[in-house]
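Look at the sequence and the model, then read on.

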Amino acid sequence: SFARAAWGAFPTRIGVGEPPAMTSAVQDAERSQRIRLALYAFCLLASSVGNQVYFKRMTSAMPNYGWYLTQLSTFVYVPIFAVLAGTGTVQHAKPGLLFKFATMGVFDGLSGTLMVLGGVHTSGTMQVLLSQAVIPTTILFSVLLLRKKYHFLQHSGAGIIVMGIILAKATGGGGGSAGNLVAFNAIFFAAVIPSAISSVFKEVAFKGFDGDLDVNVLQFWVAAFQFVTNFLAMPIYTLSVLGPQRVPLSEMPALITGGTGCLFFLRDQVVMDCGFAGERPCDHCADAWAPVALYLSFNVLFNVFTILVIKHGSAALSFLISTLRMPLAAFAFGSPMIMGSDAVPPGPKDVLCLVVIIAGLCTYRYGGVLLQRREPIEFASPGGYDESPPQSPGSASSPSLAAPLKGRRKPKWAFLPLFSTGGVPSSEPAFVQVRVAKVVPRSAVRVRHDLYHRLGAASPLNSPQYRHLSPPPSPNLNPMHYNDAHQSEQADFSITGLGQN
């Protein structure tokens, strides 16, 4: 037909010679992208469940070394981010930024300390339920500190989550009373408060920062300050409310040698006056290394796949996976194959509490979707400027030609996911808002060069009619700039004003 002949008349070098093949290639690329995203989502779900389960197994394997485990799960990230950040760790070491890094590290470190300490005598199912309190707590501090507005359904979802947690404690759900002590449940619950404050602070910490911030530099300094905060949090372990788990401040340095001997040399340190009611647990260091190593591995994988899912999918997908993690983790805690003798099968009360909290999470998420439709978020665009074209002059709401274009130079912000350096997975991944680097516009020469390059006509002198007029190529030019088929006949681009790069 005429249309097919006209379509085939275009040169194949501009990518329109064979539209069916191109369509097939695009479909194959999209199919490959969907398969890759599905694989990332499955790995995120598996690693998040493993992170949740082996956090409990780690604290159960070394219950007398909570402070040591907190330091270990934080310190492993310091050299990793130091290598990734390189010299940027020193270049960004300015007082203003260091104060922001320190603030995040203090709150994250305090949250990790309370979570590990409270997790010793908090059952796995109760940990799953209590950790969801970070959502209503974050809403509370966002409203109080930032005057942030939420949808009515988000408030309702947060209220339902609180009701589910209260129901778990009131009915004896969350794994029963065998593995739960009220004081340690309260400590574990208190860990969500500094975590929520840290999340709120990360939303506004870099609003006044105009430079480019490497996320690896940010995470290095946050992990370093978190490591220091764990030392400052030592007095928490001296509280009398901890009962037999209380450690005098003078004995805290001995936890370093004791934890190292238990983990790496399999030496039991606590073997006397332990194991009975009113006494601290006895050490079982022979098998302690496996849960600790698996937790650290799952934690790294969880962070990596969280970033991959957000990069190739969306934050909403990661939220959905975190919701699916709740029932899977609860049933994993009841599996003797996974938990061994510590397995506690979920009962009807546990299932009821899970259903209530999952309903609250879904309500909260749906309210966020409605709020985004009503008030589109302005931070999502990856560009430095508003890349959408202005409205046509004929539209009713378009401004006059003399009027300034409002909003064209408004800076854009992006949410960057951060690693979680310890504790159980949160319902929502940790984000920090940073200003996106401005896009530098191309020069007129570069635009013309790119156009000719895409058309496959780099110079008029490449035409067979004028090729004899082309001067010989200079021997000083880089041969990589020549066309493979005409390296010896390449024209001098100085005649046309087009650059070689």
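**Cysteines and their bonds**

Cys 353 is buried, at a relative accessible area of 0%. Buried here means under 20% relative accessible area, exposed means over 50%, and partly exposed lies in between (1.4 Å probe, protein chains only).

This is a predicted model, where local features need pLDDT of at least 70, side-chain atom pairs count only at pLDDT 80 or more, and totals for chains, interfaces and linings use all residues. Residues are numbered from 1 along each chain as its sequence is written, and side-chain values use heavy atoms, with hydrogens and water left out.

Now the bonds. A disulfide is a covalent bond between the sulfur atoms of two cysteines. In the model it is called when a pair of cysteine sulfur atoms lies within 2.5 Å. That rule gives two disulfides.

Take Cys 262 and Cys 285. Their sulfur atoms sit 2.0 Å apart. The torsion about this S-S bond is about -105°, so the disulfide is left-handed. Cys 262 lies in helix H13 (residues 254-264), and Cys 285 in the loop between H13 and helix H14 (289-312), so the pair ties together parts that are 23 residues apart in sequence. Helices are DSSP runs of H or I, at least four residues, numbered from the N terminus. Both Cys 262 and Cys 285 are buried.

Cys 274 is joined to Cys 282, S to S 1.9 Å. Here the torsion is about 100°, so the disulfide is right-handed. Cys 274 is buried at 7% relative accessible area. Cys 282 is partly exposed at 22%.

How are the bonded cysteines paired in sequence order? The pattern is 1-4, 2-3.

Conventions:
Helix = DSSP H or I, 4+ residues; strand = E, 2+ residues; numbered from the N terminus.
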